[in-house]
Amino acid sequence: MLVSQFLSTGFKKRFYITCSANTFIIALACYYCLIINIPFMHGAFNAITTLPSFSWLFLLSVPLLLLCLLIIFFSILSSRWLLKPINYILLLSSCAALYGTLNYGVVFDYSMIQNTFETDGHEAASYLNLQFIIFFCLFALVPLLVLIKTKVRFRLVTNELVSRSKLLLGCFALIAVIVLSFYADYAATGRNNQLLKKELIPFQYLSSGYKYIRDQWLVSDEPFQILDPAPVLSASQHTQVTVIVVGETARAENFAYQGYTRDTNRFTRPFKVTYLNNVASCGTATAVSVPCMFSQQNQAEFSRNEADNQQNILDIAQSAGADVLWIDNNSGCKNVCNRVTNITIKVDNSALCEQQHCYDEALLAPLKRKLANLSQANTVIVLHMMGSHGPTYFQRYPDQFKQFTPTCDRSDIQNCSTEQLVNTYDNTIAYSDYVNSLMLTELNNLPDNIDKTFVYISDHGESLGENGAYLHGFPYSFAPSGQTHVPMYMWAAKGNQRITESCLKSVDQQQAASHDNIFHTLISLIGIKSKTYELPLDLVSNCKTINKKVKNNNE
């Protein structure tokens, strides 16, 4: 009995750590400062040491300042009953953020949090790999085990308050000394390196997460806004079909049409499409760019909440009398297609589907069915591609389209060579081009008495390791051009009445354009008379559009 009690007591003593609440808070703050915030500290070190002249004291003050801020932060969470449970969750989420920042260079601002919330399970699973598991075990599960085995000793309430007040006063005093001594240095460094503050963990993702939850869940629903109660379609002797393809993660730099050395557009070239060289996306993630490009709002003032609660171009087309269909092979239409007929490609045993995803050729079957059964004089079809979505680029094309080798056949793309990564990405671009050529063929094969137009535009671009950046979703103001410069091209059948092949060829291919132009350009392409139309934003305004006629008659 005595031996049993001794072993039990000895076991508990050996495997449990006992410390005061203040010690627990300081230890947590040190771990977050020195480990979890490695990206921030690395960025701060580079920013400060590359200055023409810098002070070592200023450099050393940065971790001290961060440590004090973290101590204050964890002190706020130091309630007896909430301290450990909250920190379990914070530790897991902070390590996930650290992994994303270290390996892909992403920062968790508002748009990235939004993108994270709206990512489906299949897409999220594509980020799982052996490196992530090992990383998570080392930086999250091991510290989590330490937290579980730590017993925090709280004193009497009054004694705890006194002790905590001393700790906080010391932190505030040190912050005051640092700020008074180096205010000018911090102001200049912060002004010239605005991305740094977005790398602070957990402050950045918690702040962004709160704003997203506030906007999406805590704000009462806005009344749905009708932008145009009476849009009408143009009178035409011909049936009209407009096909719009929303590309995914395709960047302009890797398009042969853009001047890229590789022939990534050989399949669509015979159709002599009109390619626009200078098009900018509205955002750097699908959750922003797709709603924005179909919205009347512009990039500078875009609000996802407003976009979700007002008519978009598809709503206006349907209200005018067009038959509108959205076909999705991605993670959804981000509420754009909620009020029109929509189809989601289902993963099945087809040769076009494997590992919880389907190749974009799967979009062809529903497109063919729709083109074979046109029920109205004006039809609009939107196809949302999987395109070049990473990090599992190698899963976006069948083996026979492995044109550029060697490839990066793994999800931890940061461990592939630049050659492997670019080869794999270029294969996705070439395969998307092949799928687009099949769509163009189906459209072109329709009878001559049907007017046919085609538009392809990507939602955003992608980073492929340039300056350590991968994937997409960076804050727009800091995003590299690879994430914001997107490809766009248009095609019209020779026999079209209104939007003709020669009309599209007259478009200035060098003009600066963006997703802001899509809403108004589609009004022209579809043939809608609407009070929402703005002539200067219409890329095909030189074509014979009913809106232009009305405006000219009123002048």
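## The whole protein

The protein has 19 helices and 16 strands, counted as DSSP runs numbered from the N terminus (H or I, at least four residues, for helices; E, at least two, for strands). This is a predicted model, where local features need pLDDT of at least 70, side-chain atom pairs count only at pLDDT 80 or more, and totals for chains, interfaces and linings use all residues. Residues are numbered from 1 along each chain as its sequence is written, and side-chain values use heavy atoms, leaving out hydrogens and water.

Along its principal axes, the C-alpha trace spans about 95 × 55 × 50 Å. Of the 555 residues, 54% are buried, meaning under 20% relative accessible area, while exposed means over 50% and partly exposed lies in between (1.4 Å probe, protein chains only).

Look next at helix α10, residues 203–218, where Gln204, Tyr205, Ser208, Gly209 and Tyr212 are buried. They lie on the same side of α10 because they cover an arc of only 115 degrees around its axis, taken from the directions from the helix axis to the C-beta atoms.

The buried residues of α10 pack against α5 (83–104) and α6 (110–117), with contact meaning heavy atoms within 4.5 Å. On the other side of α10, Tyr210 and Leu218 are exposed.

## A cavity lining

Which residues line the largest cavity? They are Asn115, Glu118, Thr119, Glu123, Thr286, Asn330, Ser331, Lys334, His389 and His472. Here a cavity is a set of points on a 1 Å grid over the protein atoms alone where a 1.4 Å probe fits but cannot get out, and lining residues have an atom within 4 Å of a point.

How values were computed: 1 Å grid on protein atoms, 1.4 Å probe; cavity = no way out; pocket = protein on both sides within 12 Å on 5 of 7 lines; lining within 4 Å.
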